[in-house]
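Hi,

Here is the structure I said I would pass on to you.

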Amino acid sequence: MNYSEAVREIAEIIPGFENELINHTSQNSNSVIHTFTERIKNMIRQDDTKILFKSLQKMDKIYTEGDIALKNAVEGIFIYSLDNFTAFCSREYRKVIFSHISKDLQQTYSRQIYTHGT
């Protein structure tokens, strides 16, 4: 899957997602994952779990089926931001969020968090 296919995948659950990318000067894997991550962050803040859980599943699909640029963007943008935008959630809500993230992404998150700065 390349970034164009990822946009189509995301648009299946977030209609009009393509229009959000028009504001980016470069439309590539990083801009797609950055924009999608911002949407997920807002879903978490607004407790919009119905779309949030579908979005987390879609992020996993992008990560597992995406090309190397998408995988790197997911690891460098989404995973890196995950701790930041779940920090103010209740412990229970945080557990629910992480329960909807694949084992692969959870392992990547743990590796990134626990090896950061070493």
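E9 counts as buried, because its relative accessibility is 14% (buried means under 20% relative accessible area, exposed over 50%, partly exposed in between, with a 1.4 Å probe and protein chains only). Before going on, a word on the source: this is a predicted model, where local features need pLDDT of at least 70, side-chain atom pairs count only at pLDDT 80 or more, and totals for chains, interfaces and linings use all residues. Residues are numbered from 1 along each chain as its sequence is written, and side-chain values use heavy atoms, with hydrogens and water left out.

Back to E9. Its salt-bridge partner is K61, with the closest N and O atoms 3.2 Å apart (a salt bridge is a side-chain nitrogen of Lys or Arg within 4 Å of a carboxyl oxygen of Asp or Glu). K61 lies in helix α4 and E9 in helix α1, so the pair ties together parts that are 52 residues apart in sequence. Helices here are DSSP runs (H or I, at least four residues), numbered from the N terminus. K61 itself is partly exposed, with a relative accessible area of 29%. Both residues belong to a network of salt bridges that links E9, E12, K58 and K61.

The model has six salt bridges by this rule. Another one joins R39 and E20, whose closest N and O atoms are 2.2 Å apart. R39 sits in helix α3 and E20 in helix α2, so this pair ties together parts 19 residues apart in sequence. Then there is E38 with K41, at 3.1 Å from N to O. Those two are both in helix α3, three residues apart, or about one turn of the helix. K41 is buried at 16% relative accessible area, while E38 is partly exposed at 30%.

Now for α3 as a whole. How far apart are the end C-alpha atoms of α3? They are 24 Å apart, which agrees with the 24 Å that its 17 residues should span at 1.5 Å a residue (the expected span is 1.5 Å times one less than the number of residues). After α3 comes D47, which has a positive phi near 55 degrees.

Several residues of α3 are buried, including S29, I33, F36 and I40. F36 is in contact with I10, I13, I14, F17, S55, K58, M59 and I62, leaving aside neighbours within four places in sequence (contact means heavy atoms within 4.5 Å).

Last stop, α7. Its buried residues are L105, T108 and Y109. Seen down the helix axis, they fall within an arc of 100 degrees, so they line one face of α7 (the arc is that of the directions from the axis to the C-beta atoms). K103, Q107 and Y114 are exposed on the other side. The cover over the buried residues of α7 includes α4, α5 and α6. The C-alpha atoms of D60 and L105 are separated by 7.0 Å, although the two are 45 residues apart along the chain.

Cheers
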